[in-house]
Amino acid sequence: MGFDVSGHAGYAEAGSDIVCAAVSALVITAINSIERFTKDETSCVSDEESGNITFRFAQSSSHDAGLLLDSMILGLEEIEDSSEHEEYIDIIFKEV
């Protein structure tokens, strides 16, 4: 279980892109919270240039980690549901 974040939002130029900044803040806070507040073993690979993040749990996530992910998803969905920002973010769920 885990998630991937890919690319930049393209809402505005780098440094002024509020969609990219909001997504980054939600994702990085979720990753840091899982690492600090749970005992879940995870791996994370990121590339700031491309905007790609790959985050995985070594095993099934704990209840607390699941809640943190749900919170991240809620924030991302709020951005996606905004008529002003919806074209700059796509959330895709896949079961693998």
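Hi everyone! The largest share of the lining of the largest pocket, 8 residues, comes from α1, so let me start there. Please keep in mind that this is a predicted model.

How big is that pocket? The largest pocket has a volume of about 1400 Å³. Among the 40 residues that line the pocket, those closest to its centre are Phe 3, Asp 4, Val 5, Ser 6 and Ile 53. Besides α1, the elements β1, β2, β3 and α2 each give at least two residues to the lining. By type, the lining has 22 nonpolar, 10 polar and 8 charged residues.

Now, the helix itself. Helix α1 covers residues 18-37, and at 1.5 Å a residue its 20 residues should span 28 Å; the end C-alpha atoms are 27 Å apart, so the two agree. At its N-terminal end sits a cap: a side-chain oxygen of Asp 17 lies 3.1 Å from the backbone nitrogen of Val 19.

Which residues of α1 are buried? They are Val 19, Cys 20, Val 23, Val 27, Ala 30, Ile 31, Ser 33 and Ile 34. Those buried residues pack against β1, β2, β3 and α2.

Is Thr 38 buried or exposed? Its relative accessible area is 12%, and because that is under 20%, Thr 38 counts as buried. A polar atom of its side chain lies 2.5 Å from the backbone oxygen of Ile 34, and a polar contact of 3.0 Å joins the side chains of Thr 38 and Asp 40. Looking beyond four places in sequence, Thr 38 touches Ser 33, Ser 62, Asp 64, Ala 65 and Leu 68.

How values were computed
Residues numbered from 1 in each chain as written. Predicted model: local features only at pLDDT ≥ 70, side-chain atom pairs only at ≥ 80, totals over all residues. Heavy atoms only, no water. Helix = DSSP H or I, 4+ residues; strand = E, 2+ residues; numbered from the N terminus. Expected span 1.5 Å × (residues − 1). Buried < 20%, exposed > 50% of the residue type's maximum accessible area, 1.4 Å probe, protein only. Contact = heavy atoms within 4.5 Å. Polar contact = N/O pair within 3.5 Å; in protein donor to acceptor, adjacent residues only side chain to side chain. 1 Å grid on protein atoms, 1.4 Å probe; cavity = no way out; pocket = protein on both sides within 12 Å on 5 of 7 lines; lining within 4 Å. Points joined across faces, edges and corners; volume = space filled by probe spheres on them. Nonpolar A, V, L, I, M, F, W, Y, C, P; charged D, E, K, R; others polar.
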